[in-house]
Amino acid sequence: QVQLVESGGGLVQAGDSLRLSCAASGRTSSLYFMGWFRQAPGKEREFVAGFTWNGIGTYYEDSVKGRFTISGDNVKTTVYLQMNSLKPEDTAVYYCAARDGLLRGNYYSRNQYHYWGQGTQVIVSS
């Protein structure tokens, strides 16, 4: 089993920055792909960014390109989401997710991920 724990959310003003962390523990050696999703009030959970541990593989949803950066520390088994130039529309609960093994579909599909964290709340005021 794998456990994912997010942290770093908070209340900020538009234009501010936050860095979210996702610490993975347990049987993490088989994890190949990790992603960040978010769910705003009244909206479906959507893909934000994805990261591949081995080799080059970084993916972003269009609305966050140029503002958000996903990165990882394979020693600490932690994935980060650096969020700059935050906008009110970024307000959501942010979830960390992990895929065990090869992808069987699109990286932005929720059903590709085996493990999920509890979420961390981000609120951006105007």
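Strands here are DSSP runs of E with at least two residues, numbered from the N terminus. The model is predicted, so local features need pLDDT of at least 70 and side-chain atom pairs count only at pLDDT 80 or more, while totals for chains, interfaces and linings use all residues. Residues are numbered from 1 along each chain as its sequence is written, and side-chain values use heavy atoms, with hydrogens and water left out.

Start by selecting T78, in strand β8 (residues 78-83). T78 is buried at 8% relative accessibility (buried is under 20% relative accessible area, exposed over 50%, partly exposed in between, with a 1.4 Å probe and protein chains only). Show its neighbours in contact (heavy atoms within 4.5 Å): leaving out residues up to four places away in sequence, T78 touches S21, C22, A23, W53, S71, G72 and D73.

Next, select F33 and Y107. Their ring centres are 6.3 Å apart and their planes at 35 degrees, so this aromatic pair is tilted (Phe, Tyr and six-membered Trp rings pair with centres within 6.5 Å; planes under 30 degrees apart are stacked, over 60 edge-to-face, the rest tilted). F33 is in strand β4 (residues 31-39) and Y107 in the loop between β9 (92-100) and β10 (115-116), so the pair links parts 74 residues apart in sequence. F33 is buried at 4%, whereas Y107 is partly exposed at 25%.

Now move to F37 and F47, an edge-to-face pair with 5.6 Å between centres and 80 degrees between planes. F37 is buried at 0%, and F47 is buried at 8%.

Finally, colour the whole aromatic cluster: F33, F37, F47, Y59, Y107, Y108, Y113 and W116.

Key. Helices (H or I, at least four residues) and strands (E, at least two) are DSSP runs, numbered from the N terminus.
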